[in-house]
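Trainee: I'm new to this one. Can we go through a few parts of it together?
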Number of protein chains: 2
Amino acid sequence: MSKYWSDGIADLETYVPGEQPQDKKYIKLNTNENPYPPSPKVIQAIKNAADENLRLYPDPSCEKLCDTIARYYGVTKEEVFVGNGSDEVLAFSFAAFFDHDQPVLYPDVTYSFYPVYTNFFKLQSKTIELEEDFSIPVEKFFTPNGGIIICNPNAPTSRYLSIPEIRRLLDYNLAIERVVIVDEAYIDFGGQSIVGLIDAYPNLLVVQTLSKSRSLAGLRVGFAVGHRDLIEGLNRVKSSINSYTLDRLALFGAIEAFGDEEYFQATREKIIQTRNRVTHELRAIGFRVFESTANFIFISHSSIHAGELYAKLKENRVLVRYFRKPRIDNYLRVSIGTDDEMGTFVEVISRIVKSGA
Amino acid sequence: MSKYWSDGIADLETYVPGEQPQDKKYIKLNTNENPYPPSPKVIQAIKNAADENLRLYPDPSCEKLCDTIARYYGVTKEEVFVGNGSDEVLAFSFAAFFDHDQPVLYPDVTYSFYPVYTNFFKLQSKTIELEEDFSIPVEKFFTPNGGIIICNPNAPTSRYLSIPEIRRLLDYNLAIERVVIVDEAYIDFGGQSIVGLIDAYPNLLVVQTLSKSRSLAGLRVGFAVGHRDLIEGLNRVKSSINSYTLDRLALFGAIEAFGDEEYFQATREKIIQTRNRVTHELRAIGFRVFESTANFIFISHSSIHAGELYAKLKENRVLVRYFRKPRIDNYLRVSIGTDDEMGTFVEVISRIVKSGA
């Protein structure tokens, strides 16, 4: 607390990212990073872009990258916005679209940055209680609102909402003229993107990231696809904060990431297969494991508490994410690593379960 | 305008950056970029950092870079904040420190992003009229305020305010418990930084950038130095928007930029010498040229209007910055390029002046 802070700064509930240990001693399954490196073509493109032109500002409109993403998804470049990671895109979206007179709706268990944005931009919010199995009860959202945001598949629960269900949210909010943001950070690991519906729904904004399925958490690139009016709203917010949020290297790297489709498909396929195998193995030793369409699983054991599992895994140099929060304090979120890493994980957690039983 | 925008989004007066032509046909003297490339060591560091670790998030606290900057300026790393260009750092500062009950003060002629931030964060503002010669009348700031921001040397005027004069602002605002932000984007081209006074003034925040004097506009790195309470305020805002604003490549490149002091000194020395020579040559052909401590000059001609000069220079493939704004609509801001570029500039503008006289 400082007398030099603006009103409200002391009360901010800021986001706390997962641990980023600077040493290498952990098998790191705690921040949903991709265990596989980015495409070699991306790395080469960045090396090539590291030249004397770094003295020049990047293109503030990021036109080539927007165009690349537009062609990839079959939309126009005026329907694409890019930002410094999907977190920045989401922050700008909360500022651009959510109405101040009604509460913003999101599930009670979801990405923990949503209440942070709500708080920072002085919005009201109302959380919608998920079912016991963490599925999303769509009809509970049918209430006057200042906007809806859902993460699909949801984090940290890994539960997926089908497109017909999301359409019900879109239809409801179309009638009351409010935006629905679908945060698809994890969509490439088995879900179906709703991006094809932006023509039908001018109130739909789809947000994605290159951090997960394209192995580029370290490059900070996220994007949104939606009606050109929504994209213009995002550009207005961006141009009120920082004209150049993506550096030249990120722009070149991101373009190349959409160029290497073969690598992208192979990588996500490997993760899906590993996830399915681990799900099976964990169930065999007494874990509840939700069906996941993400690059992580959400698990709970019948006899050992998640807090204890987290601590014992850490002792054994395996880092997973444990949220000390209502409803989910007996669950662990485990990112899917390589086959080797997950082999070790299953081995270690089996040992913990046996000795604890 | 869209019915899906939040209140206020339609009224935002967004920042418009200088033209960034994507072809190479201009001598580009319009966005204060450095004409010399970044240090070869920076480029090498980035190439080295372009590896498989891009799959991992960067360090959200940017500790190594903060530590590097801290050692460079003789402060502690808790007194340093880094962001995605000084524009982002400034935006976060407006959110973190400026009081909503009193107007924020800044000169009527200054960096045009300040009113944009004011507007976006719903602050009040009051502009302080500069003298006819664009010098800053310090005593006019001695009025109740929600904070003060000055750019030193000021943009686009190039005028420099001495440290004893800035201390008067700091003393006044210390008494009323308000922050003074000194935006030193151009300080390395001949001014003296006030960063040494952060211990004496807990209300002083100094903001700098790597875009100008370190030739890294394309890498997007800026920073602030101030009392640790101010730095904590900035971190609270950052952690409400985006935990990772600097990618891994920018972090590695920026650290190296502070490591190559010899290159830094040589580059800024060249720009200072070119600027002084061009100032002399322009005065000889009838230009008013303010004494500059920046990497640009602010000029006006007695007989040809700046708007006409701008257009004719552009026809001749020389791009400078012309602001169609009250008080400065008969001035041009000209970034200092290489000796060759400035030779061409002086040659072209001399021809225009002769034919127009």
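Mentor: We will take a helix pair, then a sheet, then a single residue.

Trainee: What kind of model is this, and how is it numbered?

Mentor: This is a predicted model, in which local features need pLDDT of at least 70 and side-chain atom pairs count only at pLDDT 80 or more, while totals for chains, interfaces and linings use all residues. Residues are numbered from 1 along each chain as its sequence is written, chains are lettered from A and ligands numbered from 1 in the order in which they are written, and side-chain values use heavy atoms, with hydrogens and water left out.

Trainee: At what angle do α9 and α10 of chain A pack?

Mentor: α9(A), residues 306-315, and α10(A), residues 339-356, pack at about 125 degrees with axes 10 Å apart. Helices are DSSP runs of H or I with at least four residues, and strands are runs of E with at least two, numbered from the N terminus. Axes are lines fitted to C-alpha atoms, for helices over the stretch in contact, and angles run from 0 to 180 degrees between N-to-C directions.

Trainee: Which residues make the contact?

Mentor: α9(A) brings Leu309(A), Lys312(A) and Leu313(A), and α10(A) brings Phe345(A), Val348(A), Ile349(A) and Ile352(A). Contact means heavy atoms within 4.5 Å.

Trainee: Moving to chain B, what is the strand order in the five-stranded open sheet?

Mentor: The order is β1-β11-β12-β10-β9 in chain B, with mixed pairing. Two strands pair if DSSP finds at least two bridges between them.

Trainee: Which strands stand at the edges?

Mentor: β1 (27-29) and β9 (287-289) of chain B do; each has a single partner strand, so one side of each lacks a neighbour in the sheet. On average, neighbouring strands are turned by 35 degrees against each other, direction ignored.

Trainee: How does β1(B) pair with β11(B)?

Mentor: β1(B) pairs with β11(B), residues 318-322, in the parallel sense over three bridges. Ile27(B) has Val318(B) as its bridge partner in β11(B).

Trainee: And which strands does α8(B) touch?

Mentor: α8(B), residues 261-284, packs on the sheet and touches β9 and β10 (296-301) of chain B, with its direction at about 0 degrees to that of β10(B).

Trainee: Back to chain A: is Ala49(A) buried or exposed?

Mentor: Ala49(A) counts as buried, at 8% relative accessibility. Buried means under 20% relative accessible area, exposed over 50%, and partly exposed in between, using a 1.4 Å probe and protein chains only.

Trainee: What is Ala49(A) in contact with?

Mentor: Leaving aside neighbours within four places in sequence, Ala49(A) is in contact with Leu54(A), Leu249(A) and Phe252(A).
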